[in-house]
Amino acid sequence: MSRDMIPSRPPPGLTPRQWDVLRTALRCQADEVLSASVLAETLGLARQNLREHLLALAAAGWLEYHARPRQPAMLILTPRARALRAAQSGGFPLLGEVAAGPPTLAEQRVESVVTRLDEVLTMREGDFLLRVRGESMTGLGIFPGDLVVIRPAESAQNGDLALVLIPGEDSATLKRWQRRGRAVTLLSENPAFEPMRYGEADVQVQGLLVGHVGSVDARRQRP
């Protein structure tokens with residue numbers, strides 16, 4: 001972690017000395033746990049003086065302070081501190097899992113720092129993004145303004161979500177692909193939209209949906 005990746009001004013509520021301690025911890029903690037003795041040596045502070053700053057940082061939610069009998073205290077950066085470091089390095093912290101079924105305890109440990117979409121979506125070279133227009137796929141949670149990841153392809157299997165070019169209309173659409181014989185049906189995921197039926201020779205598959213990035217703002221704007 002270079003010095004340039006961490007801001008020079010302290011967050012609100014921290015004294016300059018507390019901020020110096022936290023910045024040093026951000027630089028030193030390559031692993032999840034940091035020894036207070038290592039931090040004291042790096043700062044050139046007596047352990048007792050450092051302890052006061054560490055307790056203040058723990059109270060402010062920047063780190064966890066774990067005292068141990070006859071051993072140096074151990075320090076763990078909180079998600080708040082790791083998020084600060086991640087933001088300065090151009091990434092976003094991945095903080096674990098959230099329940100979409102029965103509720104569970106919230107995770108408190110940063111798993112990794114995400115800097116690129118292909119680190120969290122199934123993407124590979126050649127894939128591209130499209131912005132969604134229209135509401136025909138809202139049944140899948142795909143709303144206007146969302147981004148979809150498309151993998152180039154020239155064919156689709158029944159049930160695939162495909163980007164299909166309709167030459168006669170000079171337009172492309174994202175629909176669920178269904179073929180029987182030489183007839184193709186493009187199905188929406190919204191009952192307000194009727195199926196679209198074509199001869200197989202009249203449509204052309206351009207790609208398959210492999211990922212989706214939703215926008216909360218798009219959903220808030222819905223009536």
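**Reading a pocket and a helix face**

Me: Strand E9 gives the lining of the largest pocket its largest share, five residues. Which strands each supply at least two residues of that lining?

Reply: Quick note: this is a predicted model, where local features need pLDDT of at least 70, side-chain atom pairs count only at pLDDT 80 or more, and totals for chains, interfaces and linings use all residues. Numbering starts from 1 along each chain as its sequence is written, and side-chain values use heavy atoms, leaving out hydrogens and water. Rolling a probe the size of a water molecule over the atoms shows where empty space is left. Here, E6 (128–131), E7 (147–152) and E9 (171–180) each supply at least two lining residues; strands are DSSP runs of at least two residues, helices (H or I) of at least four, numbered from the N terminus.

Me: How much space lies in the largest pocket, and which residues are closest to its centre?

Reply: About 440 Å³. Val 132, Arg 133, Ala 172, Thr 173 and Leu 174 are the closest of its 21 lining residues. A pocket is an open set of 1 Å grid points where a 1.4 Å probe fits, with protein on both sides within 12 Å along at least five of seven lines; lining means an atom within 4 Å of a point.

Me: Now H2: which of its residues are buried?

Reply: An α-helix has 3.6 residues a turn, so residues three or four places apart point the same way. In H2 (36–43), Ala 36, Ser 37, Leu 39, Ala 40 and Leu 43 are buried (under 20% relative accessible area, 1.4 Å probe, protein chains only). They sit on the same side of H2 because their arc around the axis, taken from directions to the C-beta atoms, is only 160 degrees. Just after H2, Gly 44 has a positive phi of about 75 degrees.

Conventions. Buried < 20%, exposed > 50% of the residue type's maximum accessible area, 1.4 Å probe, protein only. Points joined across faces, edges and corners; volume = space filled by probe spheres on them.
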